[in-house]
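Hi,

Here is the structure I promised to pass on. Have a look at it first, and then read on for what turned up.

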Amino acid sequence: MTRNPTILCRCEGVTLAEVEEAIDQGYDTLGELRRHLRVGMGPCQGRTCLPLLAAVLARKTGRRLEEILGQTTVRPPLAPAPVGLFLEGEGVDQG
Ligand code: FES
């Protein structure tokens, strides 16, 4: 019987085990983990997984959560864009 992996980032399909392994390999900042595993780079832009990632990083490294979150350079979009904005011919002057 195969054990279900715990998914940490559902947008990118990154598991808790993959995150813990990466931290053990020396990826010990949010930015490094994002670039290495693409965690937090999915459609929700880390809204769900980055707090979890920070908590795992704090637990594994013994650092304070505030210290870890202080290193982040996450820049979410200023405002959500409607999908129709990107559809060809929708609201675009074909001039
Ligand atoms: S859950 Fe990780 S980017 Fe959406």
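I'll start with a contact between two helices: Glu18, Val19 and Ala22 of helix 1 meet Leu33, His36 and Leu37 of helix 2. By residue type, that contact divides into four nonpolar, one polar and one charged. Please keep in mind that this is a predicted model.

The crossing of helix 1 with helix 2 is right-handed.

Stepping back to the whole chain, the protein has four helices and two strands. Read from the N terminus, the order of elements is β-β-α-α-α-α. There are 95 residues, and 17% of them count as buried. If you take the contacts with a separation of 6 or more, 48% of them come from residues 24 or more positions apart.

Helix 1 also packs against helix 3, at an angle of about 45° and with 10 Å between the axes. Here too the arrangement comes out as oblique, helix 1 to helix 3, and the crossing is right-handed. On the helix 1 side the contact uses Leu16, Val19, Glu20 and Ile23, and on the helix 3 side Leu53, Val56, Leu57, Lys60 and Thr61. Those residues divide into six nonpolar, one polar and two charged.

Now the core. Which residues have the most contacts inside the largest nonpolar core? They are Leu8, Val19, Val39 and Leu53, in a core of 13 residues. Strand 1 (7-9), helix 2 and helix 3 (49-61) are the elements that give two or more residues to this core. Helix 3 gives the most, with five residues.

Apart from its neighbours within four places in sequence, leucine 53 is in contact with Leu8, Val19, Leu30, Leu33, Val39 and Gly40. Of those partners, Leu8, Val19 and Val39 are named with Leu53 among the residues with the most contacts inside the core.

- Arginine 38 has a positive phi of about 65°, although it is not a glycine. It is partly exposed, with 14 other C-beta atoms within 10 Å.
- Glutamine 45 sits in the loop between helix 2 and helix 3 as well. Its phi is also positive, about 55°, and again the residue is not a glycine. With 15 other C-beta atoms within 10 Å, glutamine 45 is partly exposed.
- Proline 43 is another residue of the loop between helix 2 and helix 3. Is proline 43 buried or exposed? It counts as exposed, because it has 8 C-beta neighbours inside 10 Å and the cut-off for exposed is 12 or fewer. The C-alpha atom of proline 43 is 6.5 Å from that of cysteine 11, and the two residues are 32 apart along the chain.

Over to you!

Cheers

Note on methods
Residues are numbered from 1 along each chain as its sequence is written. This is a predicted model: local features need pLDDT of at least 70, side-chain atom pairs count only at pLDDT 80 or more; totals for chains, interfaces and linings use all residues. A crossing is left-handed if the near helix is turned anticlockwise from the far one by less than a right angle, and right-handed if clockwise. Two residues are in contact if their C-beta atoms, placed from the backbone, lie within 7 Å. Ala, Val, Leu, Ile, Met, Phe, Trp, Tyr, Cys and Pro count as nonpolar, Asp, Glu, Lys and Arg as charged, and the others, Gly among them, as polar. A residue is buried if 20 or more other C-beta atoms lie within 10 Å of its own, exposed if 12 or fewer, and partly exposed in between; C-beta atoms are placed from the backbone. A nonpolar core is a set of buried Ala, Val, Leu, Ile, Met, Phe, Trp, Tyr and Cys residues joined through C-beta atoms within 7 Å. Axes are lines fitted to C-alpha atoms, for helices over the stretch in contact, and angles run from 0 to 180 degrees between N-to-C directions. Angles under 35 degrees count as roughly parallel, over 145 as roughly antiparallel, 65 to 115 as roughly perpendicular and the rest as oblique.
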